[in-house]
Amino acid sequence: MRELIGLIPLIPLLSSATLMLFAGHLSRFAIGLLGVGSVGIAAILTAKMGIDFLGNPEVFKVTLWTWMQVGTFSSDVAFYFDGLTLVMMSVITGVGFLIHLFSTEFMEEDVSYARYFAYLNMFVAAMLILVMADNLLLLYLGWEGVGVCSYLLVGFWYQNSANGYAARKAFIVTRIGDTLMALGLFLLFTELGTLDIQALGDAAKDKWQVGDSMPLIACLLILGGAVGKSAQLPLHTWLPDAMAGPTPVSALIHAATMVTAGVYLIARTHELYLFAPIAMIAVALVGLATSLMAAFTALTQHDIKRILAYSTISQIGYMFLALGVGAWTAGIFHLMTHAFFKALLFLGSGAIIHCLHHEHNIFKMGGLRTRMPVTFWSFMIGSAALAALPMTSGFFSKDQILLQAYQVDGIGPWLWFGGLVGALLTAVYSFRLVFVVFFGQVNTEPDKDTGWRMVIPLSLLCILAMMGGWIIIPVTQVFPLAVFEHPAHWVEYVSIAVPIVGVIIAYLIFLGGQLKVDVFTNSFVMQKLQQFWFSGWRIDWLYDQLLVRPYYGLARALKLEPVDNFYRLVVTISQTFNQWLSAGQSGQMRRYITSMVFGLIVLLAILVRAS
Amino acid sequence: MNGSQMQALMPILMLSLTAIVLMIQASIKRDEKATWIITVVGILLALWGAGYARDFSQPVTILLQVDNWGLFFTALVLLASLVTVVLSQDSFSSEGGSKEEYYLLLVLSALGAVILIQSSHMASLLLGMELMGVALYAMIAFPKKGLLPLEAAVKYLVLSGCASAILLFGFALLYAATGELSYKGIGEKAALAYISNPLLVMAGTAMVTAGIAFKLSLVPFHMWTPDVYQGAPTPVTGFLATVSKGAVFVALARIYMDAELHQYESLILALSVLAAFSMLIGNLLALLQEDIKRLLAYSSIAHFGYLLIVLIALTGSEMASEAVTFYLAAYILTTLGAFTVIARVSREDQQKSQISEFEGLFWRNKIQATALTIAMLSFAGIPLTAGFMAKFFVINVAIQGSHWFLLSALVIGSAIGIYYYLRIIFSMSKTSGNDIGFRDRSGDITALLLTVLILMLGSWPQPFIAFAGGL
């Protein structure tokens, strides 16, 4: 059975290849069957492996073949399977399967149906390779693979040039992180002599002391890669624009799986981070800052997908915060629950967009509660989980993060407080979305109903979003045991109360209307502040000024090929001399004799001068 | 003069004999075919003589010096003459329709070149140079068509006369200073004379240099070159470029070495100036030239600039004498290769030496086009051709002597050179019109042989280097 682990990424990959090569010969039904079925089989195999693992929790490694060997360096195509791998694989294949199923209805009328599933299957394969890889090089292969798939899917509707721009932006910005990560890999290899993830941990124990500068640099470089892929400050700008892709893609790639790859990477290499406390603090601070920044921004957006995108950035910030404070298990737990409820929310928004003529603006929706009940309940459950209301899955994971953050020496309470502010904002913006979209008067009538291929994934995800918190993830072997001292009870009570307060505030402002904030929001300062938040804290503008424009300027300057001017100058000089000299060859003998006499005089001058 | 000395003069005797036989034959019955055969046989005999004389190397009177080096160039010059005779057979016709006298003049000119190569005395130098030159004036003016040959001949005559006058004046000054006219004699006395009367020695040297620089068409004594190259019948141009210039350069090298002129810093400076200007101006003038004969005229100016570097670096390098031998041999073979093709393509028609006339040559006559391509590549100094090895030698010698200034001029000049050499190759590979094929295969064998020689010198030079080193 263990040897069959290789099939799990292989099946979606083969399906993808088949769809690319034989798209023209397949019926729509066959395409859908292939696209969804391949991921389904992968999910079944994963489930089987998971059941085996839970019965006999034994970590194993399957080496398929030697990928490359150069001198002392060798890299295998090998898969490593432990509790962390299982969690990730379950999310990818399980949630992935539901999203594939949803896609068959969402993309029903698209001309490039086969291309869509080819990309999506390829993404699943690459993502599986990423999480199953035994060494960082193979992981990097998957890492780049998902990057390419993300690029292809963001720009899926390439006829619109804005989508192409968003795709390029997503690719280039993450590329910056990827480059940092590659540097990190080089550094690790030169320092520790291996890229094998387990061997790295052992080598680090031999060679490094806690607090050395080398692990700090390596971990910061890896953090760079994680920040790029997981859309954290300062490389988060690509994710809101990546919403240009089809909505199920946003659910799968830009909410549930790929964007959490950075979290997985840091969790996977946590043994290295333990040698670099400063890098851990950096992870926590990046996470918290991103979480707050994105939450404020989400508060002012009116595009349903952009709200969710900023919410994703914010939630991944929580995961980073968890990793940074050493709450590895909580971080991965939140990754999983987030995958459930955010996929649910994205698919729900997909259903709305599908039924509302591709409308994205929440203020043009409203009153959908009675018209789209399944979607309404999906959103209710998803938003409750997102806001971390008690008993939802999000509550369990976020509560753990906040409590563990509180316990960090020194800055712990501050981290906790920051997290609480974020949690409050999360509750406000998520229920603002629910109240605006589903209550109040109807602004746009839905023109079709959600079919069973949408309803089933939504329902299943609803269950997961509600009940996911009760799952105990089998990662005790992977991460060191957290020394968990239960903090004072009031801390816990406050943590639980804050999201509820947020929901009430949202209700009072957006639905009940008891809280009149118009005067406040219409004031000059608040207007400016709202604009500032709406623009994503002007970070895009900043990058545009600092990087994009100078780069364009440089490119424009180089387009004129300034270096060629030097060669053109050479040509011009040569031609000019040629013309001057040729003019001298007049054919007149007296000139020729003059030249000879001149030459003789020069020779005489040179020779006689010395004597 | 004993028997051994007569044997040493075998090539000169053979050429003289051929000249006499040709005169007698012409007086009995005019027959171009017979004249041609006698000329070819005579030159072949002279070639044999050059080999034969190797066993009798010695000074012959005060005037001539027979040695292996000289005999090698004698053979080379005779080979060039032979190629010229073969090319002349049907490339142009004279006023009367036949050209028996032309072959006589060619033999006399070759004789002058051989004497020039073997001279060890100012008198024999002048004798050889004038014999070669006077015959050449007539050869240039020989064709009946057009005014250009005549114009070229007159220009060459007048300017060459001026140059000879300067040269003679130089001899006179040197004689006044040293009382000697043989190279070695001047070399022995010059040092002393320089102390007592530096002005005379230096002025004399300057004028001798100027006279020879004219014949080698070094800048600024180069102005005649394109006009004469263009105006002369193509085989004669080839003869002028190879036999005349090669022989004069050998004579210059002999004077330079035997008269020990390399000890004068100011002369080296003067030669450096001539070399640098020749390399740069020669190549620049050739850059946009549309007439291939004029283009090669300018190119030859540059090539003698390169050769002059070797002379300048003579004392600083062990390779220098080999470098002179190799470069001159490569230059003569390459030039012959080029002019063989040009003579075939352009015949006597002046219009046909335009580069545009060579368009599509590859599709009309592959052998000729390949030969010209190889010749151009060799001129440019592309590896696997003789020109590359030759340039390699020159650069090597220049580096050993630390002549960085001249080296940079060489590099710049060569870079410009590649442009116009490649231009000709491009033009040949164009497919445009001009398909009026010439199916005449008469020059193919000569072209092929020369191409093989050029490639051999470039790709497998070791035997030749060993041979040149032993001279």
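**Interface between chain A and chain B**

In this predicted model, about 2,800 Å² is buried between chain A and chain B, with carbon and sulfur atoms accounting for 80% of that area. On the chain A side, the residues that lose the most area to chain B are A:Gln585, A:Met596 and A:Leu607, which together contribute 25% of what that side buries. The contact involves 25 residues from chain A and 40 residues from chain B.

At least two residues of the chain A side that touches chain B are supplied by each of helix 25 (562-584) and helix 26 (589-610) of chain A. Helix 26 of chain A provides the largest share of this side, namely 15 residues. By residue class, the side of chain A that touches chain B consists of 14 nonpolar, ten polar and one charged.

Chain B itself was then characterised. Its secondary structure comprises 20 helices and two strands. Of the 471 residues in chain B, 63% are buried. Among contacts in chain B with a separation of 6 or more, 79% are made by residues 24 or more positions apart. The accessible surface of chain B amounts to about 16,000 Å², and 70% of this surface belongs to carbon and sulfur atoms. For the area buried between chain A and chain B, the corresponding share on carbon and sulfur atoms is 80%.

Notes
Residues numbered from 1 in each chain as written. Chains lettered and ligands numbered in written order. Predicted model: local features only at pLDDT ≥ 70, side-chain atom pairs only at ≥ 80, totals over all residues. Heavy atoms only, no water. Helix = DSSP H or I, 4+ residues; strand = E, 2+ residues; numbered from the N terminus. Buried < 20%, exposed > 50% of the residue type's maximum accessible area, 1.4 Å probe, protein only. Contact = heavy atoms within 4.5 Å. Areas by Shrake-Rupley, 256 points an atom, 1.4 Å probe, with all protein chains shown as cover. Buried area = accessible area lost by both parts, 1.4 Å probe. Nonpolar A, V, L, I, M, F, W, Y, C, P; charged D, E, K, R; others polar.
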